[in-house]
Amino acid sequence: MIVRIMGEGQVKLADGHFAELNKLDDELLEEMESGDGPGFRATLLALLDKVRELGTPLPDDALEPSELILPAPDATLDEVRDMLSDDGLIPG
């Protein structure tokens, strides 16, 4: 799956990693619902770090369609809330 981190670029990520990423996504959703700003920031950064760690960066000139778009590291709680689906940022 191709994942875009807004403002950074794209990474190719194996589907097998999504269970691990969904745990962080669930945490992020809980922190957003409770208004835990510091927890939200820490979990968002952990989620993006994990995507970078597990994924393989695509070249900057690659024009692959992104199947998943994640917020930039400096995104606000409200900006991320606008990006959410019923499943959070990551489907499943």
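This report walks through the fold, surface and salt bridges of the predicted model shown above.

## Overall fold

Let's start with the layout. The chain holds four strands and three helices, and read from the N terminus their order is β-β-α-α-β-β-α.

How does the radius of gyration fit a compact globule? For 92 residues, such a globule would come out near 12 Å, and the chain's 13 Å agrees with that. Along the principal axes, the C-alpha atoms occupy a box of roughly 40 × 25 × 20 Å. Among contacts with a separation of 6 or more, 67% are between residues 24 or more positions apart.

## Surface and charge

Of the 92 residues, 37% count as buried. The chain exposes about 5300 Å², with carbon and sulfur atoms supplying 52% of that area.

If you are thinking about charge, the chain carries 7 positive and 22 negative charges.

## A salt bridge between a loop and helix α2

The salt bridges in the chain number five. One of them pairs arginine 52 with glutamate 8, and their closest N and O atoms are 2.6 Å apart. This pair ties together distant parts of the chain: arginine 52 sits in helix α2 (residues 37-54), while glutamate 8 belongs to the loop between β1 (2-5) and β2 (9-12), 44 residues away.

## Lysine 50 and its two partners

Which residue in helix α1 does lysine 50 pair with? The partner is glutamate 20, with 3.2 Å between the closest N and O atoms. Here again distant parts of the chain are linked, as glutamate 20 lies in helix α1 (residues 18-34) and lysine 50 in helix α2, 30 residues apart. Glutamate 20 has 36% relative accessibility, so it counts as partly exposed.

Lysine 50 also forms a salt bridge with glutamate 53, where the closest N and O atoms are 3.5 Å apart. Both of these residues are in helix α2, three residues apart, which is about one turn of the helix. Glutamate 53 is exposed, because its relative accessible area is 55%, over the 50% cut-off.

Definitions and conventions. Residues are numbered from 1 along each chain as its sequence is written. This is a predicted model: local features need pLDDT of at least 70, side-chain atom pairs count only at pLDDT 80 or more; totals for chains, interfaces and linings use all residues. Side-chain values use heavy atoms; hydrogens and water are left out. Helices (H or I, at least four residues) and strands (E, at least two) are DSSP runs, numbered from the N terminus. The radius of gyration is taken over C-alpha atoms; the globule rule is 2.2 Å times the number of residues to the power 0.38. Buried means under 20% relative accessible area, exposed over 50%, partly exposed in between (1.4 Å probe, protein chains only). Contact means heavy atoms within 4.5 Å. Accessible areas come from the Shrake-Rupley method with a 1.4 Å probe; for residues, only the protein chains shown count as cover. Lys and Arg count as positive and Asp and Glu as negative; His and the chain ends are not counted. The place of a charge is taken as NZ of Lys, CZ of Arg, CG of Asp or CD of Glu. A salt bridge is a side-chain nitrogen of Lys or Arg within 4 Å of a carboxyl oxygen of Asp or Glu.
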